[in-house]
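This report describes the fold, the helix packing and the aromatic contacts of the model shown below.

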Amino acid sequence: MTQSNSLLPPAAASAADRRPLAHLPGDIHMWVMVLGDLIIFAGYFAIFMVYRAMYPAEFLRAQQHLDINIGVLNTVILLTSSWFVARSVLAARAGQHDRAIRLIYAGGFGGVLFIVFKCYEWASKILAGHTNSEMFYSFYYVLTGVHLVHVLIGLIVLGAVVRELRNPGRRRASMVEQGAIYWHMVDLLWVIIFGLLYVMR
């Protein structure tokens, strides 16, 4: 049976009081924005699945022209980038601000690499004649395009986090947590998009 701190011996009560309280990382406003984005993307995904069920042969035929190797590469890049950003949160909580900045730069570099490979993939598909005149590719460009905008916004968010960490008077672990929350959302969305567009048959 659990006892309250008032019934514990003084030493035990003191230790219990020193335990860190669990808290929601970041800020509630960031969570609201992230959940709103996820709901909007869920609508996109649902519409894609409906049309895919209506025209399975057309979607499968068009899907064969996607380069799954680039898709896998971009997935690995974003997952690695998210790992760096997650480590930056731990560094910021430990007061290792210089290390946190370096880790955020590494995560942001992954985002830039993702954009480079995605632009290359778009260019190769357009040059091969796969435009939004094909139903599958109209979804492909919308889903990956809206996601790419989120990657760009994420890079701006990470830049704001670095600026805060460089200022000793404004350093807050919660700010790094907020940047990480947004970046992890970008990563999660890409994993779903990769599964729908590249993997699912």
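Of the 201 residues in the chain, 39% are buried. The model is a predicted one. Its secondary structure amounts to seven helices and zero strands, and the pattern along the sequence reads α-α-α-α-α-α-α. When contacts in the chain between residues at least 6 apart in sequence are considered, 79% of them join residues at least 24 apart.

**Helix packing**

| Helix pair | Axis separation | Angle | Handedness of crossing |
|---|---|---|---|
| Helix 5 (residues 97-127) and helix 6 (residues 135-166) | 10 Å | about 160° | left-handed |
| Helix 4 (residues 68-93) and helix 7 (residues 173-199) | within 9 Å | roughly 165° | left-handed |

Helix 5 and helix 6 pack at an angle of about 160°, which means that helix 5 is roughly antiparallel to helix 6, since angles over 145 degrees fall into that class. The contact of helix 5 with helix 6 comprises 20 nonpolar, seven polar and four charged residues.

The axes of helix 4 and helix 7 cross at roughly 165°, and helix 4 is therefore roughly antiparallel to helix 7. In the contact of helix 4 with helix 7, the residues by class are 17 nonpolar, seven polar and three charged.

**Aromatic contacts**

One of the pairs is formed by Trp 83 and Phe 84, whose ring centres lie 5.3 Å apart; their planes stand at 65°, so the pair is edge-to-face. Phe 84 has a relative accessibility of 24% and therefore counts as partly exposed.

Trp 122 and Tyr 141 also form an edge-to-face pair, with 6.5 Å from centre to centre and 65° between the planes. Because Trp 122 lies in helix 5 and Tyr 141 in helix 6, this pair ties together parts that are 19 residues apart in sequence. Is Tyr 141 buried or exposed? Tyr 141 has a relative accessible area of 17% and is therefore buried, the cut-off being under 20%.

Trp 122 and Tyr 141 both belong to one aromatic cluster, which also contains Phe 48, Tyr 51, Phe 59, Phe 136, Tyr 137, Phe 139 and Tyr 140.

Notes:
Residues are numbered from 1 along each chain as its sequence is written. This is a predicted model: local features need pLDDT of at least 70, side-chain atom pairs count only at pLDDT 80 or more; totals for chains, interfaces and linings use all residues. Side-chain values use heavy atoms; hydrogens and water are left out. Axes are lines fitted to C-alpha atoms, for helices over the stretch in contact, and angles run from 0 to 180 degrees between N-to-C directions. Helices (H or I, at least four residues) and strands (E, at least two) are DSSP runs, numbered from the N terminus. Angles under 35 degrees count as roughly parallel, over 145 as roughly antiparallel, 65 to 115 as roughly perpendicular and the rest as oblique. A crossing is left-handed if the near helix is turned anticlockwise from the far one by less than a right angle, and right-handed if clockwise. Ala, Val, Leu, Ile, Met, Phe, Trp, Tyr, Cys and Pro count as nonpolar, Asp, Glu, Lys and Arg as charged, and the others, Gly among them, as polar. Rings of Phe, Tyr and Trp (its six-membered ring) pair if their centres lie within 6.5 Å; planes under 30 degrees apart count as stacked, over 60 as edge-to-face and the rest as tilted. Buried means under 20% relative accessible area, exposed over 50%, partly exposed in between (1.4 Å probe, protein chains only). Contact means heavy atoms within 4.5 Å.
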